[in-house]
Amino acid sequence: MGVMRIPGHEHQAPREVSLEEIRSVLGDCRLCELAQTRTNIVFGVGNPHARVMFVGEAPGRNEDLQGEPFVGRAGENLNAILSLAGLSRDEIYIANVLKCRPPGNRDPKADEVLACSPFLREQIRSIWPDVIVTLGNPATHFILKTEVGITRLRGRFHQTGHFTVMPTFHPAAALRNPAWQELLEADFRMLGDWLARHPAVKTPQAPAQASAPVARGEAEALPRVGE
Ligand code: SF4
């Protein structure tokens, strides 16, 4: 699977394509069967220049109804613990691997992830965050290209290409398990420490074309389902 074709861009470099352009390409997507049961496409929300990007699994019932990720109780939990990392909701960007809700909140199917993940990959390339926080197993497995469970992966940082990745529990799952909630909060404190130790480096929002080959190489490190 190659880089997604975005009209007006030949070989898009990190931060070259806007989120609006990606949303426009997604349109009224019907690439997988989830289009038949969704209420709304849940593209993503937040700061297009976020230093920290959160990736979840798929929209739930409230997200499907409202068209926005992480609303309802899971969203409230996320908002509450963001401060442990010194972050606020308007500083971050949140998106899911799947943009449409699987019926009954069932697990994503491999063909659905294959169809939808190019949009997430372009969102990551557009935002080009320093840190990707993966919430739960499906998002973690997709980003880190592993089948290792979240309980073994959480509590430390991982590196994939340009990106530092912090896997942790999904805020909705943590609400059902107080022990996981404690670990989730510990991970967010760890994220805050990391951000304090790694101050943001100012970079231009749209790198010059001359830097594209190197940057594209890093972007290629992003996960590719099915390979
Ligand atoms: S889940 Fe993704 S690929 Fe499937 S219809 Fe929705 S937007 Fe398209």
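I started at the end of helix 5, where Lys145, just after the helix, takes a positive phi of about 50 degrees. Helices here are DSSP runs of H or I with at least four residues, strands are E runs of at least two, and both are numbered from the N terminus.

**Ground rules.** I am working with a predicted model, in which local features need pLDDT of at least 70 and side-chain atom pairs count only at pLDDT 80 or more, while totals for chains, interfaces and linings use all residues. Residues are numbered from 1 along each chain as its sequence is written.

**Lys145 again.** I placed Lys145 in the loop between helix 5 (137-144) and helix 6 (150-153). Lys145 is not a glycine, and most residues other than glycine have a negative phi. I then checked its surroundings: Lys145 counts as partly exposed because it has 14 C-beta neighbours inside 10 Å. The cut-offs are 20 or more other C-beta atoms within 10 Å for buried, 12 or fewer for exposed, and partly exposed in between, with C-beta atoms placed from the backbone.

**Helix 5.** How many residues of helix 5 are buried? I found 7 of the 8, so the rest of the structure largely encloses this helix. They are Asn137, Pro138, Ala139, Thr140, His141, Phe142 and Ile143. I looked up what they pack against, and the partners include strand 2 (52-56), helix 4, strand 4 (131-135) and strand 6 (163-168). A contact here means two C-beta atoms, placed from the backbone, within 7 Å.

**Strand 2.** I went on to strand 2, where 5 of its 5 residues are buried. Val52, Phe54 and Gly56 cover one side, and Met53 and Val55 the other. Strand 2 pairs with strand 4 in the parallel sense over 4 bridges, where pairing asks for at least two DSSP bridges between the strands. Met53 has Ile132 as its bridge partner in strand 4. Strand 3 (residues 93-96) also runs parallel to strand 2, joined by 4 bridges, and there Phe54 stands opposite Ile94.

**Helix 4.** I checked the length of helix 4 next. Its 18 residues should span 26 Å at 1.5 Å a residue, and the end C-alpha atoms are 25 Å apart, which agrees. The expected span is 1.5 Å times one less than the number of residues. Where does helix 4 bend? I found a bend of about 40 degrees at Cys116, with Pro118 following within four residues. The bend is the angle between axes fitted to the seven residues ending at a residue and the seven starting there. Trp128 follows the helix with a positive phi, near 50 degrees.

**Ligand shell.** Which residues come nearest to the ligand? Of the 14 around it, these are Cys29, Cys32, Lys99, Cys100 and Cys116; near means a C-beta atom, placed from the backbone, within 6 Å. Helix 4 (residues 110-127) gives the most to this shell, with 3 residues.

I found Arg15 in the segment before helix 1, with a positive phi near 70 degrees. Arg15 counts as partly exposed because 18 C-beta neighbours lie inside 10 Å. Ser24 sits in helix 1 (residues 19-26) and counts as exposed because it has 11 C-beta neighbours inside 10 Å.
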